Each structure stands twice: as C-alpha cells, then as structure tokens.
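Have the picture open while you read.

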Amino acid sequence: MTRVAIVGLGFVPAQRKTPQYSYREMTYRAARQAYEDAGISPKEVDCFITCAEDLHEGTSIFDEYTPDQLGAVHKPMHTVTHDGLVGLACAWMAIESGAAELVVIEAHSKASNILTLDDLTTYAMDPALTRPFSLSPHFVAGLEMNAFLTQSENTEEACAAAVVLNRLRAGKNPAAAYGGETTVAQVLRSKPLSAPLKEAEKSPTADGAVVAVVASQERARRLKGRPIWIEGISWISDSPSLESREWGQAFYAQEAAAGAFRMAQITDPLREVDLFEVDDTYAYKELQHLEAIGLYERGKAGRAVLDAAQGPKDFPVNLSGGCLGRGDLLEAKGLYQIVELVLQLRGEAGKRQRACARRGFALSWRGVPTTSGAAAVLSKN
Amino acid sequence: MTEVAQNVKWIGENWKKEEVLHGKVFTFSDRPQARYAWDTGEAIGRYLAGFKQGKILGVRCRGCQRIMVPPRIFCELCFRDISEWVTLKETGRIRTFSVCYVTWDMKRIRKPQIPAVIEIDGASEGMGILHLVEAPRGDKPWERLRAGTRVQAVWKPKGLRRGAVTDIRFWRVLTGNANAGH
Ligand SMILES: [Zn+2]
C-alpha cells in the first residue's frame with residue numbers, strides 16, 4: 001500500500017451568508033487556493049470528487065454542475081452524495097487502487113440559500129412510517145438525546161457546556177461564523193426544540209467551501225507542500241430504522257473510529273492522538289461521540305466537557321469551535337474538520353494552535369435522521 | 001414465482017382509479033416544500049443587471065482570449081480570474097433549435113415554443129445563450145429556420161424588465177438575411 005497525503009488545502013471561512021458569490025464562485029476561490037497551496041495545476045489532477053446533495057443545491061443531477069469551478073472540464077469527475085469525509089475516503093481509494101496519483105475533493109454549503117432546510121430534512125424520513133406525523137426533523141435528535149442522557153447518566157448541563165466551550169473556541173477561529181460568549185444557564189434557558197434538546201444546542205447553518213488535493217506518496221514527494229498523511233480512514237452506516245436503531249450509543253461512530261484507529265495502528269487514542277474534531281451538530285452529539293470513539297468511558301464525557309468549559313484545561317476536542325461554533329456546513333462538515341486538523345498539524349492554526357500537534361482525528365456525522373459517520377486519522381509524519 | 005404471488009396486485013400495477021379513491025388500496029401522499037433563494041454571485045448578478053438595462057454583457061478571458069457569454073469571473077478552461085467585461089450586440093445566429101410541442105409538465109400545446117442556442121454577435125464562436133425564438137407564421141415553422149439564421153433580441157418594455165433572462169421576450173428572425181454572414 002502506498003501512503004496517501006493531503007498536499008493542498010483551500011477554503012472559504014464559514015459565514016452566515018455569502019451573497020457576494022455563487023456556489024461556483026465560492027468553490028473556485030477555494031480551489032485556486034488549494035492548487036496554489038499544493039503547487040499544482042488542475043490539468044495535472046487525475047480525478048475530481050464533489051460531495052453534494054441535490055436537494056441542498058436545489059438542482060437535480062447536481063453532478064453535472066461541478067467541473068467548471070474545479071478546473072475539471074474534460075476530466076474524470078464524480079459526485080458522492082455524502083459527507084466530505086467520505087469524499088476523502090473515495091480519494092484515498094482511488095489512489096490506493098492505483099487508478100490515480102492526484103485527486104481533488106470538494107464540498108460546499110450554501111445553506112443560506114435554502115429557505116426550507118427543515119422540510120428537506122423531513123424528506124429524509126420514511127414516507128409511510130414517519131412522515132405522516134408531520135414532525136420537525138429535530139425530533140430524531142430529541143429522541144436520541146433523551147436515550148443517551150438516560151443510558152449514560154450524562155447531564156443536560158454538560159451538553160449545554162459543549163455549546164459554551166465551542167462558541168468560545170470559535171472566537172479564536174477566523175474560519176468560524178458563530179464565535180461568542182454564552183453561559184450554561186443561557187443555553188439551558190433557550191427554548192426547547194424537541195425536549196430535552198434546546199434551540200441553542202443545535203448548530204446554526206453556515207456557508208462555505210473546502211477543496212483538498214490528495215496525492216500518493218510518490219506524487220507528494222515531487223510537490224512543494226508539506227504533506228499531511230492519511231493514516232486511517234473508515235466510514236460506517238447503521239440501519240436507518242427509527243423503530244429499532246441503537247438509540248443511546250452512536251454505533252456508527254464507534255465502528256468508524258475503531259476502523260480508522262486500527263488502520264493507523266493506534267491502541268490508545270487519548271495518548272497517541274493530539275487533537276480531535278468530533279461532530280457536534282447537536283451539543284449532546286459531542287459527548288455521545290466522545291464516548292463512542294472510546295475517548296471517555298460511558299457517562300464520563302460530560303464531566304470532561306463541563307471542566308473544560310469552566311476554565312483553562314487541556315481538552316483538545318473541537319479546537320476549531322466545532323459545528324456549534326463554526327456553523328453546520330451540510331456536506332462540507334467533515335472537510336472543515338479536515339481543515340482544522342491540517343492547519344493544526346502544519347502549525348498554522350494561529351491563536352488556537354496546539355503545541356506539538358503531530359496527529360489528529362476527525363469524526364463526522366451526516367446529521368438527522370442518519371446513522372452514518374466517517375472517521376479519519378491524519379498525521380504530520 | 002408462487003401461485004399466491006401471482007394473484008397479488010401491487011400498487012402501481014393494474015389498479016383502477018376507483019379502487020384507489022374508495023380506499024381499497026392504502027395510499028399516502030406528500031407535497032415537497034423545496035424553496036430556495038440562490039445567490040447569483042458576481043458574474044450572473046451583473047449579467048442579469050445588464051438585462052434590466054437592455055444590455056447583453058460578456059467577459060473576455062486574457063488566457064484563451066475567448067469572449068464569453070453568459071459571463072463568468074473565472075475561465076473554466078484556463079482556470080484563471082476574469083475581470084474584463086464587454087457589451088455584446090443584441091443580434092446573433094441560431095446554432096441549433098427545436099420546435100417544442102409540449103410544455104415543461106408535458107402538456108400538448110398548439111403554438112410551439114422554439115428553444116434555441118443563439119450565438120451572440122461579438123462573442124467567440126460557439127458562445128451562445130439559450131433562449132426562445134419567436135415562431136414564424138405557418139404550419140411548419142421549422143421550415144423557415146436553419147442553423148445560421150440571423151435573429152435579433154426583442155426586449156420587454158423597460159418598466160417590465162426585472163433583471164431576468166426573460167427580460168428578452170424572444171428572438172425574432174431578421175427578415176431578408178436568413179443566412180447572412182455565411
Ligand atoms: Zn480562458
């Protein structure tokens with residue numbers, strides 16, 4: 001097996017709205033930056049991958065609209081209807097298989113352009129069994145949060161603390177849209193969305209675009225940039241059934257993380273990995289995911305988050321501010337996690353730089369009502 | 001296939017409308033709420049603003065020298081920024097067309113729509129915009145149209161223009177010079 005590396009990265013900072021450019025223009029900016037970063041021309045690229053969902057774009061067969069802004073005209077190009085981390089996995093496979101040496105992946109969000117996002121998410125529910133109840137899609141998160149808190153004995157305060165912590169951290173991240181100060185009490189007082197889930201515990205959406213250039217070891221050696229190696233990558237889907245899924249624990253996260261750690265030959269993540277970006281689309285998800293990936297025992301993640309929110313404490317989780325602080329970037333969520341890891345591992349994370357960051361981990365989740373997640377381990381060496 | 005399976009009727013298979021209406025078949029229906037407000041961005045935003053003023057705007061790429069319409073702020077072939085804007089003519093020639101007797105939702109219509117790609121005068125060869133050509137009189141309007149037929153934009157009155165491609169009502173065949181320029 002060849003080693004595979006991220007050799008170039010470009011992104012637009014997450015923003016609440018982006019009326020200044022179309023999705024094409026926004027993605028083009030990220031692509032230009034990524035190619036400059038890698039020191040390549042798109043003409044050298046063997047294949048291009050976009051991660052996008054037609055209903056989010058408002059264009060069916062959106063695949064056809066992806067080549068221009070990446071410089072992919074007359075090139076192999078395909079779309080993956082999944083989170084960006086799965087796109088990274090596809091790039092990795094294309095290179096491992098020997099079909100490509102240099103692959104470009106892209107994901108973006110124009111969430112601000114979607115006037116009926118919750119309705120579209122409702123469309124992810126089963127038409128015969130679930131949609132007739134006309135529920136907000138966040139009820140799925142409400143059900144899960146309730147089961148998770150009951151089973152794990154984590155508290156609502158600890159979930160609220162994740163909001164406080166991640167918004168605070170986002171304040172140090174110029175690429176985050178929702179940095180700011182809030183308190184556990186304020187979060188707990190915010191309106192119930194689907195109790196026990198509260199409004200402030202749901203990540204607000206943001207716009208943005210990420211483009212990454214991925215290369216084989218051989219190809220990476222001939223490029224100017226400092227490669228960040230993909231040591232482990234894995235993605236898992238559980239059964240989608242709402243009726244009989246494992247409600248309390250995130251099995252997909254457990255298995256995706258286990259796969260990525262196994263591949264990277266990591267046995268003790270807390271000691272062998274320096275920073276973690278784990279999905280926090282809803283605040284309780286951060287706790288649930290931290291326990292699922294094995295960083296904390298069941299019921300212990302909440303204490304760690306509460307402690308970290310109360311003062312300076314070494315808690316290298318979601319240094320970027322996560323989805324709660326950066327914004328929910330739809331299919332681009334996972335690639336924004338990759339942005340944070342790559343910046344940290346390169347030592348380019350500015351005010352939030354973690355000292356001696358050598359290895360990072362990302363876990364993305366596709367959002368309600370899914371039970372699909374992907375995990376990656378990236379390394380500087 | 002078992003005998004039982006052969007005797008079962010499935011939804012979508014030979015059911016009569018009455019059987020559905022009278023509840024012999026369980027049904028459920030749903031109506032999508034998919035609404036968007038797309039950002040046009042710089043290129044298409046300026047292009048549409050031009051329509052409101054009665055102008056067709058294009059851009060020139062300094063790499064390949066193509067003059068392009070609809071405009072874009074990057075060249076998809078050279079992969080570089082574009083910042084040079086040009087005003088194009090409101091005449092052009094038909095590159096290809098079709099005479100369409102069904103609407104978007106597949107209803108038959110008597111007076112056909114004629115979608116066409118129109119290469120705009122002043123833009124590079126092969127650069128066209130998709131629009132509608134006014135149907136020439138007669139039973140067989142296609143007999144008066146050819147690839148290469150010259151056409152001119154017919155604009156809506158200024159007060160009715162709203163910055164949309166439909167600010168041009170349609171393209172009218174220029175009389176007497178159907179194949180001019182060849
Ligand atoms: Zn060009």
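Phe315(A) counts as buried because its relative accessibility is 3%; buried means under 20% relative accessible area, exposed means over 50%, and partly exposed is in between, using a 1.4 Å probe and protein chains only. Phe315(A) and Tyr296(A) form a tilted aromatic pair, 6.5 Å centre to centre and with 35° between the planes. Tyr296(A) lies in the loop between α11 and α12 of chain A and Phe315(A) in the loop between α12 and α13 (322-326) of chain A, so the pair ties together parts that are 19 residues apart in sequence.

A quick word on the ground rules. This is a predicted model, where local features need pLDDT of at least 70 and side-chain atom pairs count only at pLDDT 80 or more, while totals for chains, interfaces and linings use all residues. Residues are numbered from 1 along each chain as its sequence is written, chains are lettered from A and ligands numbered from 1 in the order in which they are written, and side-chain values use heavy atoms, with hydrogens and water left out. Helices (H or I, at least four residues) and strands (E, at least two) are DSSP runs, numbered from the N terminus.

Back to the rings. Over all chains, the structure holds 13 aromatic pairs. Rings of Phe, Tyr and Trp (its six-membered ring) pair if their centres lie within 6.5 Å; planes under 30 degrees apart count as stacked, over 60 as edge-to-face and the rest as tilted. Take Phe62(A) and Tyr65(A): their ring centres are 6.4 Å apart and their planes are at 20°, so this pair is stacked. Phe62(A) is buried, with a relative accessible area of 1%, whereas Tyr65(A) counts as partly exposed at 36% relative accessibility. There's also a cluster in which ring pairs link Tyr28(A), Tyr35(A), Phe74(B) and Phe79(B).

A charge sits over a ring if NZ of Lys or CZ of Arg is within 6 Å of the ring centre and within 35 degrees of the ring normal. The charged end of Arg131(A) does this over the ring of Tyr123(A), 4.1 Å from its centre. Arg245(A) lies over the face of Trp247(A), at 5.0 Å from the ring centre.

Which residues of helix α12 (residues 301-310) of chain A are buried? They are Ala301(A), Gly302(A), Ala304(A), Val305(A), Leu306(A) and Ala308(A). What covers these buried residues includes α6 (156-170) and α11 (283-292) of chain A.

On a 1 Å grid over the protein atoms alone, a cavity is a set of points where a 1.4 Å probe fits but cannot get out, and a pocket is an open set with protein on both sides within 12 Å along at least five of seven lines; lining residues have an atom within 4 Å of a point. Grid points are joined across faces, edges and corners, and a volume is the space filled by probe spheres set on the points.

| Space | Volume |
|---|---|
| Largest pocket | about 1,300 Å³ |
| Second largest pocket | about 590 Å³ |
| Largest cavity | about 40 Å³ |
| Second largest cavity | about 40 Å³ |

The largest pocket is lined by 43 residues, and Tyr23(A), Arg24(A), Tyr65(A), Ile44(B) and Pro70(B) lie nearest its centre. β8(B) gives the largest share of that lining, five residues. By class, the lining of the largest pocket has 22 nonpolar, 10 polar and 11 charged residues; Ala, Val, Leu, Ile, Met, Phe, Trp, Tyr, Cys and Pro count as nonpolar, Asp, Glu, Lys and Arg as charged, and the others, Gly among them, as polar.

For the second largest pocket, the lining has 27 residues, with His56(A), Thr121(A), Arg366(A), Gly367(A) and Val368(A) nearest the centre. α4(A) gives the most to this lining, four residues.

Helix α14 (residues 333-346) of chain A gives the most to the lining of the largest cavity, with four residues. Arg245(A) turns up again in the lining of the second largest cavity, along with residues including Glu144(A), Asp238(A) and Thr371(A).

Finally, chain B has three helices and 10 strands. Buried residues make up 36% of its 182 residues.

Conventions: Contact means heavy atoms within 4.5 Å.
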